[in-house]
Amino acid sequence: MAEPLVLGFETSCDETGIGLVRGHTLLSDALATSMAEHERFGGVVPEIASRAHLEAMVPTVHRALADAGAALSDVDAVAVTSGPGLTGALLVGVAAAKAYALALGVPLYGVNHLAAHVAVDELEHGRLAEPSIAMLVSGGHSSILLVPDLSQDVVELGRTIDDAAGEAFDKVARVLDLPFPGGPPIDRAAQEGTASIAFPRGLTGPRDPAYDFSFSGLKTAVARWVEAQQRDGVHVSVPDVAASFQEAVVDVLTAKAVRACRDHGVDHLVIGGGVAANSRLRAVAQERCDAAGIVLRVPSRRLCTDNGAMVAALGSRLVMAGVAPSQPDLGADSSLPIDVVSR
Amino acid sequence: MLTLAIDTATPTLVVGLADGDRVLAEAGVPSGTRHAELLTPTVTDVLTRAGVALADVGRLVVGLGPGPYTGLRVGIVTAAALGDVVGAPVHGVCSLDAVGDGPRVVVTDARRKEVYWRAYDGAPLAGPGVGRPEELDLPDLPVVGDARFAERLGRGVAPAEVTTAGLLRAVPAGPPAPLTPLYLRRPDAVPNVVRKPVTR
Ligand SMILES: Nc1ncnc2c1ncn2[C@@H]1O[C@H](COP(=O)(O)OP(=O)(O)OP(=O)(O)O)[C@@H](O)[C@H]1O
Ligand SMILES: [Mg+2]
């Protein structure tokens, strides 16, 4: 099928995302979020997220259709995030997608949320050069991937051994009394500050694994530094701490991604996931890629965090590659490995 | 009119196809926590056995629980999506209404050592509620449902499950109401927050 119309379902966390994609073209991207209901808990409460997905499902599908000017009967295939993520949340999307696919008589593709964070870039910058190095930096994951074929061959070169990059932003935001999720407020605060505090760069020693990350020590270092200042009665400059923390994260991420490109002789890097929305990460990645002769691709901010279009984008890629659809007994896998693109 | 009935409020997922109140085909699949995997294949199977195309279904009925939430939502969102495509109304019913018939108390497994219950004396008399079996003050009526709770209730429980006929009987008159699950418990009773706290 040359240019399939794919309806994508995303419910792995707190966003109900429904997207419509034709080929590599984004038609619509409807989102309902329960973010505000989780804020007072300082994290996502799975049951609240799942309840919200159920309520939002059918209306969000229709918002996506209306925005695209499409009808259900135009849909050629359905794609859904079947992992990784919160089981109860995932299952609302999986069940809905299975029912839409059955009733429409079209194939169903259960896809990997993490591969979808990478695939979304094709909606803005066209087909990915293959092989590419992909860096996935989100709320639950931080990995460097070698991608010979996004539709079926993704190799993990390294990953975080403790916290994900987004998780580090969220935890440091709490230390600084900034709201949840912490990425956007830290990004904003950092723009007013100077990266004057030397926070540690995890796993950057000569003997450390080249492509693995560690952000837990950094988070602890920030917490200790803030505590020490407060104990001494010294005013803590939130912008300076935010900028210094962010600089440490960005420095490590970009250095390791560029190194992976060099080591593997790959001159294309794509960055995906919520942390890819970070303005400093985007700027430093661009500088370092330019210096190393690497072509950098990053989706626009809106498409970095969870959405349905990214799932439709990967689904579309699978349809066009002739990958077999999922079996009728598709379920959810909360810990779906990153190298399983679809199942 | 052809009705497709779905219930996922108990460990046995139920799908039935009826013409008026005559059940043409029905499946009760002991699926435990695999409702999401097995529901759509079971719908396909029941439609095939009844010799009916999904497009010919004129209305859907779905159990709104009470029942374990994750499985419950699978049935409700599936019915909502099927109804959306087919253009058929989806009627939500209390799943307990579809267990047994006549004057009775229905009990089903609510996990966490509790039961969901509802009492009927011709019409619904009390409930639906959730509680520990030994602490419930249930009306003096025959108890039906999940017989594993007999000992803790101190009463005999006649085994009974959700049936298609029961789901059809339970449909309230009038146009369908929003498909709001009967959760009976508040979500923040379990603030099982995903992100770990900052460890110092
Ligand atoms: N501008 C930003 N700077 C840094 N981090 C950001 C920014 N915007 C969002 N984030 C972070 O991105 C994360 C959310 O991204 P995303 O939606 O991809 O994660 P997730 O879906 O929760 O996790 P996963 O994709 O691993 O399952 C949060 O941790 C958030 O703090
Ligand atoms: Mg994500």
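**View 1. The open sheet of chain B.** In this predicted model, five strands of chain B line up as an open sheet of 5 strands in the order β8-β7-β6-β9-β10, with mixed pairing. Strands here are DSSP E runs of at least two residues, helices are H or I runs of at least four, and both are numbered from the N terminus; two strands pair if DSSP finds at least two bridges between them. β8 (123-131) and β10 (157-159) of chain B sit at the edges with a single partner strand each, so one side of each has no neighbour in the sheet. From one strand to the next, the twist averages 25 degrees. Angles run from 0 to 180 degrees between N-to-C directions, and axes are lines fitted to C-alpha atoms, for helices over the stretch in contact.

**View 2. β7 next to β8 in chain B.** Here β7 (residues 115-121) of chain B runs antiparallel to β8(B), joined to it by 6 bridges. Look for B:Trp117, which stands opposite B:Gly129 in β8(B).

**View 3. Where a helix of chain A packs on one of chain B.** Helix α2 (residues 46-68) of chain A and helix α2 (residues 69-86) of chain B have axes 9 Å apart and an angle of about 10 degrees. That makes α2(A) roughly parallel to α2(B) (angles under 35 degrees count as such). Among the residues that meet are A:Leu54 and A:Met57 from α2(A), and B:Ile76 and B:Ala80 from α2(B); contact requires C-beta atoms, placed from the backbone, within 7 Å.

**Reading the views.** Residues are numbered from 1 along each chain as its sequence is written, and chains are lettered from A in the order in which they are written. Local features need pLDDT of at least 70, and side-chain atom pairs count only at pLDDT 80 or more, while totals for chains, interfaces and linings use all residues.

Conventions
Angles under 35 degrees count as roughly parallel, over 145 as roughly antiparallel, 65 to 115 as roughly perpendicular and the rest as oblique. Two residues are in contact if their C-beta atoms, placed from the backbone, lie within 7 Å.
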